[in-house]
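Please look over the model shown here.

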Amino acid sequence: DDRRRKLADLVRYFQECIQQSALTWANSDTPIQQLQLGCPDKAIKYADTLKQQGIICLPMRQPTVSSLATGLRVVLNYHHERSDIDQLFHQLAVFTGFW
């Protein structure tokens, strides 16, 4: 139960961060979140850049998703902390020039 509560709290916190983000995110109230970039090349580049910072986000491309939904899949789990989410959003902001 503690793990479920922590994960639910992380999902709520992630959604709060999305509200402050200039990027486009799919609507999800689950631990699986999706950044929509609309470009397979961007998805791969973002995933590679984040991986260099120790952040694993998998690129999602056709045929798994539509071309508009192409982007990154972020999967939250019990082992994450709010600081991990903050780091992800900071790196995305730096990388995209929104910081």
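What follows is a short report, section by section.

## Basis of the model

This is a predicted model, in which local features need pLDDT of at least 70, side-chain atom pairs count only at pLDDT 80 or more, and totals for chains, interfaces and linings use all residues. Residues are numbered from 1 along each chain as its sequence is written, and side-chain values use heavy atoms, with hydrogens and water left out.

Helices (H or I, at least four residues) and strands (E, at least two) are DSSP runs, numbered from the N terminus.

## Helix α1 against helix α3

Two packed helices are described by the angle between their axes and the distance between the axes. Axes here are lines fitted to C-alpha atoms, for helices over the stretch in contact, and angles run from 0 to 180 degrees between N-to-C directions. Helix α1 spans residues 2-20 and helix α3 residues 82-96. Their axes come within 10 Å and cross at roughly 25°. The two helices are therefore roughly parallel to each other. Angles under 35 degrees count as roughly parallel, over 145 as roughly antiparallel, 65 to 115 as roughly perpendicular and the rest as oblique.

The crossing of α1 and α3 is right-handed. A crossing is right-handed if the near helix is turned clockwise from the far one by less than a right angle, and left-handed if anticlockwise. From α1, the contact uses Asp9, Leu10, Tyr13, Phe14, Cys17 and Ile18. From α3 come Arg82, Ile85, Asp86, Leu88 and Phe89. Contact means heavy atoms within 4.5 Å. By class, the contact of α1 with α3 holds eight nonpolar, no polar and three charged residues. Ala, Val, Leu, Ile, Met, Phe, Trp, Tyr, Cys and Pro count as nonpolar, Asp, Glu, Lys and Arg as charged, and the others, Gly among them, as polar.

## Helix α2 against helix α3

Helix α2 covers residues 40-52. The axes of α2 and α3 come within 11 Å and cross at roughly 125°. That makes α2 oblique to α3. The crossing of α2 and α3 is right-handed.

On the α2 side, the contact is made by Lys45, Tyr46, Thr49 and Leu50. On the α3 side, Leu88, Gln91, Leu92, Phe95 and Thr96 take part. The residues of the contact of α2 with α3 divide into five nonpolar, three polar and one charged. Leu88 of α3 is listed in the contact with α1 and in the contact with α2.

## Cysteines

How many disulfides does a search of the whole structure find? It finds zero. A disulfide is a pair of cysteine sulfur atoms within 2.5 Å. For cysteine 39, the nearest cysteine sulfur is that of cysteine 57, 17 Å away. Cysteine 39 is partly exposed, at 24% relative accessible area. Buried means under 20% relative accessible area, exposed over 50%, partly exposed in between (1.4 Å probe, protein chains only).

Cysteine 57 is also in no disulfide. The nearest cysteine sulfur to cysteine 57 is that of cysteine 17, 13 Å away. Cysteine 57 counts as buried, at 5% relative accessibility.

## The loop between β3 and β4

Strand β3 runs over 58-60 and strand β4 over 71-75. Proline 63 sits in the loop between them. The peptide bond from glutamine 62 to proline 63 is cis, with omega near 10°.

Arginine 61 is in the loop between β3 and β4. Arginine 61 is partly exposed, with a relative accessible area of 36%. Not counting residues up to four places away in sequence, arginine 61 touches Pro40, Ile44 and Thr70. Arginine 61 and tyrosine 46 lie 15 residues apart in sequence and 13 Å apart in space, C-alpha to C-alpha.

Valine 11 lies in helix α1. Is valine 11 buried or exposed? It is buried, at 6% relative accessible area. Beyond its neighbours within four places in sequence, valine 11 is in contact with Asp29, Thr30, Pro31, Gln33 and Leu76.

Serine 28 is in the loop between β1 (24-25) and β2 (32-36). Serine 28 counts as buried at 14% relative accessibility. Tyrosine 78, in the loop between β4 and α3, is partly exposed at 30%. Leaving aside neighbours within four places in sequence, tyrosine 78 is in contact with Arg3, Lys6 and Leu7.
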